[in-house]
Structure formats: structure tokens, C-alpha cells
Amino acid sequence: MPLPGILATFFATRAIAFRLTRHEPTARIQRAAELVGLPPREVARGVLVAGPTGPRLVVLPTDRLLDFVRVEAALGGPVELASAESLARAFPDCPERMTPAVGMAYGLAVHVDESLDELAE
């Protein structure tokens, strides 16, 4: 699968270097991490939530679950997982169920799990 156009443009206009690693399609990002030989804690995943002020992208390692209590405290109110329709609107150039962890490319506010700060890169 090629890199979605919005992401490609975002990276190119900011001169962000990246390496596209191809793997067989998977239903879970944890499996994708295995296929490319990375520990799940080193692969970021995006989770789109509907919050009190609109959609927000939460980015966390693939080996962590979304902590709704912490996210609700950070966003100041209740949150729920975004619907399939909301995902399609937020990421119009991505395949179904793909949630990139690069919310800035799509104009989304992003909240990053602090454990990702510990990674060297």
C-alpha cells in the first residue's frame, strides 16, 4: 500500500525523512510491528476519540491500551472512540480502519503518551 497522499505531502513539505516498510496487511497493528521486526512498545499507533471539544488523536505505543480516565482528565470531559464514519472523515485518503499517528497532517489536535518520549529517535 502506498503512503496516503496527505501524509506524503506533509512529510515532503517539511523535509521529514522516513522509510516506508512494506508488510502483508494485518488486522492489528501489533502484528504489523512483529512483521517488520519492531517491539510493539516502539511503534506508535493513533486512536481517534470524540471529546468534549471535538475529535482528538491520541498517540500511544501499540502495547498500551487507551486509558479513558487519563484522556478524559486531559481533555476536560467524556470521550469515546470515534465512529467509522468519523475515521473516514478525519483520514479521507487512508484505507478503512487505518488511523495514522500523525494528526498534524490532518489538522487534528494530538495528545501523545509520555512513554513515547523515552524512545531515542
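Tutor: Let us start with Val43, which has a relative accessible area of 15% and is buried. This is a predicted model, in which local features need pLDDT of at least 70 and side-chain atom pairs count only at pLDDT 80 or more, while totals for chains, interfaces and linings use all residues. Residues are numbered from 1 along each chain as its sequence is written, and side-chain values use heavy atoms, with hydrogens and water left out.

Student: Why is Val43 called buried?

Tutor: Buried means under 20% relative accessible area, exposed means over 50%, and partly exposed is in between, with a 1.4 Å probe and protein chains only. Val43 has 15%, so the word buried applies.

Student: Where does Val43 lie, and which residues is Val43 in contact with, leaving aside its neighbours within four places in sequence?

Tutor: Val43 lies in the loop between helix 2 (29–35) and strand 1 (44–51), where helices (H or I, at least four residues) and strands (E, at least two) are DSSP runs numbered from the N terminus. Leaving aside neighbours within four places in sequence, Val43 is in contact (heavy atoms within 4.5 Å) with Ile29, Ala33, Leu38, Leu60, Pro61 and Thr62. Val43 and Ala33 are ten residues apart in sequence, and their C-alpha atoms are 6.6 Å apart in space.

Student: What makes Ser115 count as buried?

Tutor: Ser115 has 10% relative accessibility, and because buried means under 20%, Ser115 counts as buried. Ser115 lies in the segment after strand 4 (109–112), and Ser115 touches Pro61 and Arg64, not counting residues up to four places away in sequence.

Student: How do you know that the side chains of Ser115 and Asp113 make a polar contact?

Tutor: A polar contact is a pair of N or O atoms within 3.5 Å; within protein, one must be able to donate a hydrogen and the other to accept it, and residues adjacent in sequence count only if both atoms are side-chain atoms. For the side chains of Ser115 and Asp113 the distance is 2.5 Å, so the pair is within the limit.

Student: What makes the chain as compact as a globular protein of its length?

Tutor: The chain has four helices and four strands. Its radius of gyration, taken over C-alpha atoms, is 14 Å, close to the 14 Å that the globule rule (2.2 Å times the number of residues to the power 0.38) gives for 121 residues, so the chain is as compact as a globular protein of that length. Buried residues make up 31% of the 121 residues.
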